[in-house]
Amino acid sequence: MSHHDKHIISQLRALVGTPSVSSTDPSWDQGNRAVIELLAGWLSALGFRTEIMDVSPDGQKANLIATLGSGPGGLVLAGHTDTVPFDEGRWRSDPLQLTERDQRLYGLGSTDMKGFFPIAIAAARAFVDKPLQQPLIILATADEESSMDGARALAAAGRPRARAAIIGEPTSLNPVRLHKGIMMEAIEVTGLAGHSSNPALGVNALDVMHELMSEMMQFRHQLATEHANSAFEVAFPTLNLGCIHGGDSPNRICGRCELHFDLLLTPSAAAAGVREQLQQRLQTLAHARGARIALRSLVEPVPPFEQPANSELVRLAEKLTGHSALAVGFATEAPFLQAMGMETIVMGPGSIDRAHQPDEYLELSQIQPCVDLLQSCIAHYCL
């Protein structure tokens, strides 16, 4: 293994070992400040101008904008510093300790997506002593896995600005120019508690939830029928019933139950007022069952993303990789960067199939090809 690779792995080890879970569940949610400060230190040492932007009032959630060179235009290499929660008991090794085996680097966030940062820094290192005509910006954000508040804060501030942006989410180094939008929602059913010996004494929120889930599955089928899009591997909107909580005792009529779910929407579904359609279905059920049903957003929706196929960045990425740009079923921060006027694609090391699950890993074989690919993009936009 080269000194170059060892340095990348050493930095990734430090990032994986610095917990930064973000979650809509407060019991899991953490800040990312320590990760941001690690990256800022490394990039400052290379000569980047670094700015830390507080995202939360206490500063524990933050973004980093690190800039090499100056002037209009240039290239942004972007990624998020947070991870999803994890089930430690299902991992073969400590998820917060980078472990190398079978030519893979195992650890929480190794592929989604802390692994991108040491690779981007390694790519940037070759340009530190070169006269850049346009700036190279490395951008690190907070809370992509939950609220996307980091990207929203950047869009609200209108910075950074550049000609192009590459978001290094795991795509196996294939360029992505189209992805679905996402909604994360909660449905709360409020019934009437009572003694279980007489069902007529109450309204069982779990019984109502049972009917509600059947309604949701019918709605799922409707969306798939009306809003299919063959550009995506999963060619229709997906509705995932994620978690459910309700009741407090087996001998009490359940008075309250809550369901959390997400919707990944094709562009036509996102434009069709899906939330309003679902709200109408829920209120019809609430009226029929004598219960209160409330729909609320867990986070603000993320719109679908599309970068035109004939744009400069897409054509460059296709030429460099030899692969046509793809559509993917997951959501990213791309719409927020694109809204600031940058041509944007998603392209990074590792596979999304390894993300959000035990024994997440990044293949060692992805590291040098990613360094080479990013250096070609930096040369195109910054020299």
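User: Is D359 buried or exposed?
Analyst: In this predicted model, D359 counts as buried, because its relative accessibility is 17% and the cut-off for buried is under 20%.

User: Where is D359 found?
Analyst: D359 lies in the loop between strand 17, residues 343-346, and strand 18, residues 361-363. Its phi is positive, at about 60°, although D359 is not a glycine. Most residues other than glycine have a negative phi.

User: And D102, is that one buried or exposed?
Analyst: D102 is exposed, with a relative accessible area of 58%. D102 also has a positive phi, of about 55°, without being a glycine, and it is found in the loop between strand 4 and strand 5.

User: What about T99, where is its place?
Analyst: T99 belongs to strand 4, which covers residues 99-101. Leaving aside residues up to four places away in sequence, T99 touches S93, R104, L105 and Y106.

User: How many Å apart in space are T99 and G73?
Analyst: From C-alpha to C-alpha they are 39 Å apart, while in sequence T99 and G73 are separated by 26 residues.

User: Changing topic, which kind of peptide bond joins D112 to M113, cis or trans?
Analyst: The bond from D112 to M113 is cis, with omega near -15°, and M113 sits in the loop between strand 5 (104-106) and helix 3 (116-125). The bond from R159 to P160 is cis too, with omega near 5°, and P160 is found in the loop between helix 4 (149-157) and strand 7 (164-167). Most peptide bonds are trans.

User: Now the helices: at what angle do helix 8 and helix 10 cross?
Analyst: The axes of helix 8 (residues 312-321) and helix 10 (residues 367-382) cross at roughly 140° and come within 11 Å. The two helices are therefore oblique to each other, and their crossing is right-handed.

User: Which residues meet there?
Analyst: From helix 8, E312, L313, L316, L320 and T321 meet L373, S376, C377, H380 and Y381 of helix 10. The residues of this contact divide into 6 nonpolar, 3 polar and 1 charged.

User: How many residues are in the largest nonpolar core?
Analyst: That core has 55 residues, and those with the most contacts inside it are F48, L75, L77 and L136. Its largest share, 9 residues, comes from helix 10. A second, separate core has 27 residues, including L212, L239, C257 and F261.

User: What does L77 touch?
Analyst: Not counting residues up to four places away in sequence, L77 touches F116, A120, L136, I137, I138, L139, I166, L374 and I378.

Technical notes:
Residues numbered from 1 in each chain as written. Predicted model: local features only at pLDDT ≥ 70, side-chain atom pairs only at ≥ 80, totals over all residues. Heavy atoms only, no water. Axes fitted to C-alpha atoms, helices over the stretch in contact; angles between N-to-C directions. Helix = DSSP H or I, 4+ residues; strand = E, 2+ residues; numbered from the N terminus. Parallel < 35°, antiparallel > 145°, perpendicular 65-115°, else oblique. Left-handed = near helix turned anticlockwise from the far one by under 90°. Contact = heavy atoms within 4.5 Å. Nonpolar A, V, L, I, M, F, W, Y, C, P; charged D, E, K, R; others polar. Core = buried A, V, L, I, M, F, W, Y, C linked by side-chain atoms within 4.5 Å. Buried < 20%, exposed > 50% of the residue type's maximum accessible area, 1.4 Å probe, protein only.
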